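Morning, everyone. Please have the sequence and the model open while I talk.

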Amino acid sequence: MTDDAQTRVSTRREWPWWAPSVSAGLAAAALLGLMTWQVVERGWFIAWDWDFHVYVDPRQPDGLTKSLLDALASLGGQRLYTLPIIAAVGLYVAYRQRHVRVLVAIASGLATVLLIGYWIKLGLGRTPPASGQDVLYGVGQAFPSGHTANATLTWFLLVVVLFGAHGLKPDPARFRRYLWVAGAGVLVTGFLMTALDYHWVSDIPGGMALGFLALMISVTVLKAPPLRLPRQRE
């Protein structure tokens with residue numbers, strides 16, 4: 001091994017255990033903050049919102065097609081469906097591992113989506129496309145998309161707790177494979193929420209950033225070393 005390679009390996013080994021997930025979480029928080037600021041300032045980030053709404057509004061499906069697409073969008077990101085799924089998997093993993101850490105990690109991510117998400121939603125009060133207007137501080141909770149945030153947290157966290165390094169059955173190959181599946185599910189959910197005119201286009205990346213921030217908090221909890229209380233001197 002060359003000196004440069006040894007230096008890189010040594011540097012990686014000196015990184016604290018929390019550095020990757022905390023750094024990624026801070027980057028997601030910064031991105032979410034930038035998006036929120038753009039929504040407030042009516043900047044370039046929302047430039048395509050109205051045009052996309054005008055395009056899809058008169059082209060909405062009806063009948064069975066509408067019902068099936070609504071069901072798919074709800075299953076992908078509505079808390080009524082995603083919460084029981086992640087809770088059931090978390091309970092199973094906790095039982096198999098004989099440890100509640102995974103439940104604490106899941107609860108931390110869910111709390112992040114709930115608290116930060118509604119803090120922004122209620123603070124902005126952005127009206128949804130169905131209202132026919134895009135205004136702030138009105139009767140609405142459009143930004144960021146809660147469906148997309150739930151989807152991002154739920155489907156990626158399932159892969160982490162099942163096949164990640166601290167999961168039930170660590171398997172790098174399955175981990176990488178199902179990350180792609182989770183990503184596809186998030187994209188489909190986000191697309192449906194805009195195509196069905198429930199959310200503005202810019203609400204979707206906002207939800208993704210929020211969900212990724214929550215995911216990194218969950219991952220940090222999963223990776224945290226066990227607490228060791230100092231021994232009392234005799």
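This is a predicted model: local features need pLDDT of at least 70, side-chain atom pairs count only at pLDDT 80 or more; totals for chains, interfaces and linings use all residues.

Let's start with the core. In general, nonpolar side chains in soluble globular proteins tend to be buried together. Here, the largest nonpolar core counts 36 residues. Val39, Val102, Phe143, Leu157 and Leu215 have the most contacts inside it. Which elements supply two or more residues to this core? They are H2 (19-41), H5 (79-97), H6 (101-124), H7 (146-163), H8 (172-195) and H9 (203-223). H7 gives the largest share, at nine residues.

Take Val39 from that list. Setting aside residues up to four places away in sequence, Val39 touches Phe45, Ile46, Leu124, Arg126, Leu136 and Phe143. There is also a second, separate core of five residues. Its members include Ala73, Leu192, Leu196 and Ile204.

Now the helix pairs. Two packed helices are described by the angle and the distance between their axes.

First pair on my list: H2 and H9. Their axes come within 8 Å and cross at roughly 160 degrees. Angles over 145 degrees count as roughly antiparallel, so that is what H2 and H9 are to each other. The crossing of H2 and H9 is left-handed.

Who meets whom here? From H2 come Pro20, Ser21, Val22, Ala24, Gly25, Ala28, Ala29, Leu32 and Met35. Facing them from H9 are Pro205, Gly206, Ala209, Leu210, Phe212, Leu213, Met216, Val219, Thr220 and Lys223. By class, the contact of H2 with H9 has 14 nonpolar residues, four polar and one charged.

Zoom in on Ser21, which lies in helix H2. Is Ser21 buried or exposed? Its relative accessible area is 4%, and the cut-off for buried is under 20%, so Ser21 is buried. Leaving out residues up to four places away in sequence, Ser21 touches Met216, Val219, Thr220 and Lys223. Look at the last of those. Ser21 and Lys223 are 202 residues apart in sequence, yet their C-alpha atoms are 9.1 Å apart in space.

Next pair: H7 and H9. The axes of H7 and H9 come within 7 Å and cross at roughly 30 degrees. That crossing is right-handed.

On the H7 side we have Thr148, Ala149, Thr152, Leu153, Phe156, Leu157, Val160 and Val161. They meet Ile204, Gly207, Met208, Leu210, Gly211, Phe212, Ala214, Leu215, Ser218, Val219 and Leu222 in H9.

At 3% relative accessibility, Thr154 counts as buried. Thr154 touches Thr82 and Ile86, not counting residues up to four places away in sequence.

Over to helix H6, where we find Ile116. Its relative accessibility is 28%, and Ile116 counts as partly exposed. Beyond its neighbours within four places in sequence, Ile116 is in contact with Leu32, Ala111, Leu210 and Leu213. For a sense of span, compare Ile116 with Lys66. They are 50 residues apart in sequence and 31 Å apart in space, C-alpha to C-alpha.

Last topic: the backbone. Most residues other than glycine have a negative phi, and most peptide bonds are trans.

Where is the cis peptide bond? A cis bond joins Phe143 and Pro144, with omega about -10 degrees. Pro144 sits in the loop between H6 and H7. Recall that Phe143 is among the residues with the most contacts inside the largest core.

Tyr137 is in the loop between H6 and H7 too. Tyr137 is not a glycine, but its phi is positive, about 60 degrees. With 58% relative accessibility, Tyr137 counts as exposed.

Then there is Asp197, in the loop between H8 and H9. Phi of Asp197 is also positive, near 65 degrees, and this residue is not a glycine either. Is Asp197 buried or exposed? Asp197 is buried, with a relative accessible area of 6%.

That's my tour. Over to you for questions.

Technical notes. Residues are numbered from 1 along each chain as its sequence is written. Side-chain values use heavy atoms; hydrogens and water are left out. A nonpolar core is a set of buried Ala, Val, Leu, Ile, Met, Phe, Trp, Tyr and Cys residues joined through side-chain atoms within 4.5 Å. Buried means under 20% relative accessible area, exposed over 50%, partly exposed in between (1.4 Å probe, protein chains only). Helices (H or I, at least four residues) and strands (E, at least two) are DSSP runs, numbered from the N terminus. Contact means heavy atoms within 4.5 Å. Axes are lines fitted to C-alpha atoms, for helices over the stretch in contact, and angles run from 0 to 180 degrees between N-to-C directions. Angles under 35 degrees count as roughly parallel, over 145 as roughly antiparallel, 65 to 115 as roughly perpendicular and the rest as oblique. A crossing is left-handed if the near helix is turned anticlockwise from the far one by less than a right angle, and right-handed if clockwise. Ala, Val, Leu, Ile, Met, Phe, Trp, Tyr, Cys and Pro count as nonpolar, Asp, Glu, Lys and Arg as charged, and the others, Gly among them, as polar.
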